Amino acid sequence: MKKTVFTLIILLLTLSSCAQENNCAEFKTGEFRYAKEGMPEKIVRTENMQIETNPNDKIVVKTAIEWTSDCEYTMTYKEILYHPKDVSSVIGKKIYCEIVETNGNRVKVHAKSDTMDEVLEFIKTD
């Protein structure tokens, strides 16, 4: 029994040391775009603000960013410009984000709010 427990501990330690380490700091600021086709938004992020602009319909979404750990942050809607509908109810709402994978200039983020729960992939363009 002791050998089995010891073997499991060694195996877990070995696997965890081989796991890919996320380089979250590389994605705290910069210019990004969605990896998914049909999402043309340009995203510009500073340490505490993100501005997402759709070049087709000119909608601009501004969110404040608060980093809660190296790989987790909360986005709060501050302003939405040029939207054809009244979206004022969104202002103040939060999206909780966790960087779950980084690979070169790509990052996968688990984004969760009261209206969404999905993993989004972004490409850093700068």
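Two strands count as paired if DSSP finds at least two bridges between them. The model used throughout is predicted.

**Exercise 1. Describe the secondary structure of the chain and the arrangement of its strands.**

Step 1. The chain contains one helix and eight strands. Along the sequence these follow the pattern α-β-β-β-β-β-β-β-β.

Step 2. The eight strands close into a barrel, in the order E1-E2-E3-E4-E5-E6-E7-E8, with antiparallel pairing. From one strand to the next, the twist averages 35°.

Step 3. For the chain as a whole, 30% of the 126 residues count as buried. Among contacts between residues at least 6 apart in sequence, 28% join residues at least 24 apart.

**Exercise 2. Find how strand E5 pairs with E4 and with E6.**

Step 1. Strand E4 covers residues 60-69, and its antiparallel pairing with E5 runs over nine bridges. E4 and E5 form a hairpin, with two residues between them. In this pair, Lys62 stands opposite Glu79 of E5.

Step 2. Strand E5 spans residues 72-81 and strand E6 residues 94-103; their pairing is also antiparallel, over five bridges. Here Thr74 stands opposite Tyr96 in E6.

**Exercise 3. Is Thr74 buried or exposed? List the residues that Thr74 touches.**

Step 1. Thr74 is found in strand E5.

Step 2. The relative accessible area of Thr74 is 10%. The cut-off for buried is under 20%, so Thr74 is buried.

Step 3. Leaving out residues up to four places away in sequence, Thr74 touches Ala64, Ile65, Glu66, Thr68, Lys94, Ile95 and Tyr96. One of these, Tyr96, is the residue that stands opposite Thr74 in E6.

**Exercise 4. How many cavities of 30 Å³ or more are there, and which residues line the largest cavity?**

Step 1. Rolling a probe the size of a water molecule over the atoms shows where empty space is left.

Step 2. The count comes to one cavity of 30 Å³ or more. The volume of the largest cavity is about 80 Å³.

Step 3. Its lining is made up of Phe27, Phe32, Ile43, Arg45, Gln50, Tyr73, Ile99, Val107, Val109 and Phe122. Strand E2 (42-45) and strand E7 (106-112) are the elements that give two or more residues to this lining.

Step 4. By class, the lining of the largest cavity divides into eight nonpolar residues, one polar and one charged.

**Exercise 5. What is the volume of the largest pocket, and which element gives the largest share of its lining?**

Step 1. The largest pocket has a volume of about 550 Å³. It is lined by 25 residues, of which Tyr34, Glu52, Val61, Tyr77 and Ile95 are the closest to its centre.

Step 2. The elements that give two or more residues to the pocket lining are strand E3 (49-53), E4, E5, E6, E7 and strand E8 (117-124). The largest share, four residues, comes from E5.

Step 3. The lining of the largest pocket has 17 nonpolar, four polar and four charged residues.

Note on methods. Residues are numbered from 1 along each chain as its sequence is written. This is a predicted model: local features need pLDDT of at least 70, side-chain atom pairs count only at pLDDT 80 or more; totals for chains, interfaces and linings use all residues. Side-chain values use heavy atoms; hydrogens and water are left out. Axes are lines fitted to C-alpha atoms, for helices over the stretch in contact, and angles run from 0 to 180 degrees between N-to-C directions. On a 1 Å grid over the protein atoms alone, a cavity is a set of points where a 1.4 Å probe fits but cannot get out, and a pocket is an open set with protein on both sides within 12 Å along at least five of seven lines; lining residues have an atom within 4 Å of a point. Grid points are joined across faces, edges and corners, and a volume is the space filled by probe spheres set on the points. Ala, Val, Leu, Ile, Met, Phe, Trp, Tyr, Cys and Pro count as nonpolar, Asp, Glu, Lys and Arg as charged, and the others, Gly among them, as polar. Buried means under 20% relative accessible area, exposed over 50%, partly exposed in between (1.4 Å probe, protein chains only). Contact means heavy atoms within 4.5 Å.
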